[in-house]
Amino acid sequence: MTIHTPTVPVPEPSRRIVAIDIVRGIALLAMASYHFTWDLEFFGYTDPGLTAFGWWKIYARCIASTFLFLVGVSLYLAHGRQIRWNGFWKRFAMVAGAAIAISVVTRIATPDGFIFFGILHQIALASLLGLAFLRLPALLTLVIAALVIAAPIYLRFEALDHPWLWWIGLSAINPRSNDYVPLFPWFGAVLVGIAVAKLASASGMRARLANLKPGRWANPLVFIGRHSLAFYLIHQPLLIGCVWLFSQVMPAQVETPQVNFLKTCQRSCEQTRNATFCSSYCGCMLTTLEGEASLDRLENNDQTAEFRAHLGDLAGSCTAQTEDKMDEGGTQ
């Protein structure tokens, strides 16, 4: 007599979604282009402040947001059904170790702007915190993400101004760093990625994406996307080394602190006011700072409450003087 036992369906193993690797590869190349421009600025081949304002600033934030969004997506795809602790801790150790290494190296190379909490630090911490959101409803996760993103706009605390607390992102000052990606607001992008991945899985979009098979043109992007940590660690030393070698042959023109201040001030001011106003306003700021012999304090990123308050008063005074001058001249 043959006994037939019911067949228990075995869940199909998750297939790697090549589209995610492609998007990650594109983001890595975009990051490399931004870093190359930053390197040119660092060595004096472009105007100071170029990558800190305007479209370059938006470009940088879009790149960082894409990376962190994909961190959330990948975290859910890898551990949404069940947390695979061995794989998780292995990946976490690699990212956290790389983040610590970057802090050590940049502390030695650029002590005034070393990376104490950059993109890799954020990825490591966000991966750990993100585990708590894998089982929450997608809508609730999106609501929390919105609160995290909005928090720095409405919540700033002087009590968090201590360097050991800057990683939170809610201090009253903006710390100086070559790569500053604090918990608030950037963890919000990871939460959005988790929520979107969860919605995509429920709607069947995840399965459709897994069936996509791009042509051979995508192979380089897929390769880069699957080796993102190695690419991140290698590309910047390579780029900055190339620019340094070029600078030994054709060094950039050295500008005075006054010229650098005016260029940076003008670029920052023109984000909200016209060029005529900004030229007069920045001239007022420079004249006053030089008269006080405090331009060096600004260059050295003095973040004391007293100096920040003084700069605020000075900016208000120069703004009023410039507006009065333009009103008298009939310029709006």
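The model is a predicted one, where local features need pLDDT of at least 70 and side-chain atom pairs count only at pLDDT 80 or more, while totals for chains, interfaces and linings use all residues. Residues are numbered from 1 along each chain as its sequence is written, and side-chain values use heavy atoms, with hydrogens and water left out.

Back to D21, which forms a salt bridge with R16, the closest N and O atoms being 2.8 Å apart (a salt bridge is a side-chain nitrogen of Lys or Arg within 4 Å of a carboxyl oxygen of Asp or Glu). R16 is partly exposed, at 49% relative accessibility. D21 also meets R226 in a salt bridge, at 3.0 Å from N to O. D21 lies in helix 1 and R226 in helix 8 (residues 219-226), so this pair ties together parts that are 205 residues apart in sequence. Helices here are DSSP runs of H or I with at least four residues, numbered from the N terminus. R226 is partly exposed too, with a relative accessible area of 42%.

Another salt bridge joins the side chains of D161 and R308, at 3.8 Å from N to O. D161 sits in the loop between helix 5 and helix 6, and R308 in helix 13 (residues 305-329), 147 residues away. D161 is buried at 17% relative accessibility, whereas R308 is partly exposed at 27%. Shared partners join R16, D21, R24 and R226 into one network of salt bridges. The count comes to nine salt bridges.

Now for the nonpolar side of things. The largest nonpolar core has 49 residues, and L68, I119, L120 and F187 have the most contacts inside it. Such a core is a set of buried Ala, Val, Leu, Ile, Met, Phe, Trp, Tyr and Cys residues joined through side-chain atoms within 4.5 Å. Helix 2 gives this core its largest share, nine residues. Setting aside neighbours within four places in sequence, I119 is in contact (heavy atoms within 4.5 Å) with A64, L68, D179, V181 and Y232. Apart from this core lies another, of 18 residues, with C265, Y281, L286 and L295 among them.

Among the buried residues of helix 2 are I63, F67, L68 and H79. The cover over the buried residues of helix 2 includes helix 1, helix 3, helix 4, helix 6 and helix 7 (205-210).

Notes. Buried means under 20% relative accessible area, exposed over 50%, partly exposed in between (1.4 Å probe, protein chains only). Helices (H or I, at least four residues) and strands (E, at least two) are DSSP runs, numbered from the N terminus.
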